[in-house]
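Biologist: Let us go through this model together. I will ask, and you answer from the coordinates.

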Amino acid sequence: QVQLVESGGGLVQPGGSLRLSCAASGMVFGFYTMGWYRQAPGKAREMVATLNRDLSTDYADSVKGRFTISRDNRKSTMYLQMNSLKPEDTAVYYCHVERSGYWGQGTQVTVSS
């Protein structure tokens, strides 16, 4: 059974940094395109970044230059390094196996002074 467990969220001041992790199990992690998504209160879930098997990436315009997605296939773990955080980055962040129904439970990121 596929499980995705996010960690690393929290409260941070504007301009600060956080690194999210997504630990996967029950799947051959390196075979899949993975993604980070987020959902703010009252808004639809949106793609933040995706990372393909060949390590090509795609980012939402709102996070380009500030966020970096990466993966360690040996550890079956995906990361999202978030720098220069803004209040509008506040959301629940989810890990997702692209083109599947698998989602993590989410981790809250709050950017506030």
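**Salt bridges, core and sheet**

Modeller: A search of the whole structure, which is a predicted model, finds 5 salt bridges.

Biologist: Is Arg-38 buried or exposed, and what is its relative accessible area?

Modeller: Buried means under 20% relative accessible area. Arg-38 falls under that cut-off, so it counts as buried, with a value of 5%.

Biologist: How many residues apart are Asp-89 and Arg-38?

Modeller: Asp-89 forms a salt bridge with Arg-38. Asp-89 sits in the loop between β8 (77-82) and β9 (91-97), while Arg-38 is in strand β4 (residues 34-39). The pair links distant parts of the chain, and its separation is 51 residues.

Biologist: How many residues apart in sequence are the parts tied together by Arg-66 and Asp-89?

Modeller: The side chains of Arg-66 and Asp-89 meet in a salt bridge. Arg-66 lies in the loop between β6 (57-59) and β7 (67-72), and Asp-89 in the loop between β8 and β9, so the tied parts are apart in sequence by 23 residues.

Biologist: What relative accessibility do Arg-66 and Asp-89 have?

Modeller: Arg-66 is buried, with a relative accessible area of 9%. Asp-89 counts as buried as well, at 0%.

Biologist: Now the core. Which residues have the most contacts inside the largest nonpolar core?

Modeller: Nonpolar side chains tend to be buried together in soluble globular proteins. Here the largest nonpolar core has 30 residues. Two or more residues come from each of β3 (18-25), β4, β5 (46-51), β7, β8, β9 and β10 (107-111). Those with the most contacts inside this core are Leu-4, Trp-36, Leu-80, Met-82 and Tyr-93.

Biologist: Which strands stand at the edges of the open sheet?

Modeller: The open sheet has 6 strands in the order β2-β10-β9-β4-β5-β6, with mixed pairing. Each edge strand has a single partner, so one side of each is left without a neighbour in the sheet. The edges are β2 (10-12) and β6.

Biologist: What is the bridge partner of Ala-49 in β6?

Modeller: β5 and β6 pair in the antiparallel sense over 3 bridges. In β6, the bridge partner of Ala-49 is Tyr-59.

Biologist: Last, Ala-44. Which residues does it touch, not counting those up to four places away in sequence?

Modeller: Ala-44 has its place in the loop between β4 and β5. Its relative accessible area is 61%, so Ala-44 is exposed. The C-alpha atoms of Ala-44 and Ala-24 are separated by 24 Å. Not counting residues up to four places away in sequence, Ala-44 touches Arg-38 and Gln-39.

Conventions
Residues are numbered from 1 along each chain as its sequence is written. This is a predicted model: local features need pLDDT of at least 70, side-chain atom pairs count only at pLDDT 80 or more; totals for chains, interfaces and linings use all residues. Side-chain values use heavy atoms; hydrogens and water are left out. A salt bridge is a side-chain nitrogen of Lys or Arg within 4 Å of a carboxyl oxygen of Asp or Glu. Buried means under 20% relative accessible area, exposed over 50%, partly exposed in between (1.4 Å probe, protein chains only). Helices (H or I, at least four residues) and strands (E, at least two) are DSSP runs, numbered from the N terminus. A nonpolar core is a set of buried Ala, Val, Leu, Ile, Met, Phe, Trp, Tyr and Cys residues joined through side-chain atoms within 4.5 Å. Two strands pair if DSSP finds at least two bridges between them. Contact means heavy atoms within 4.5 Å.
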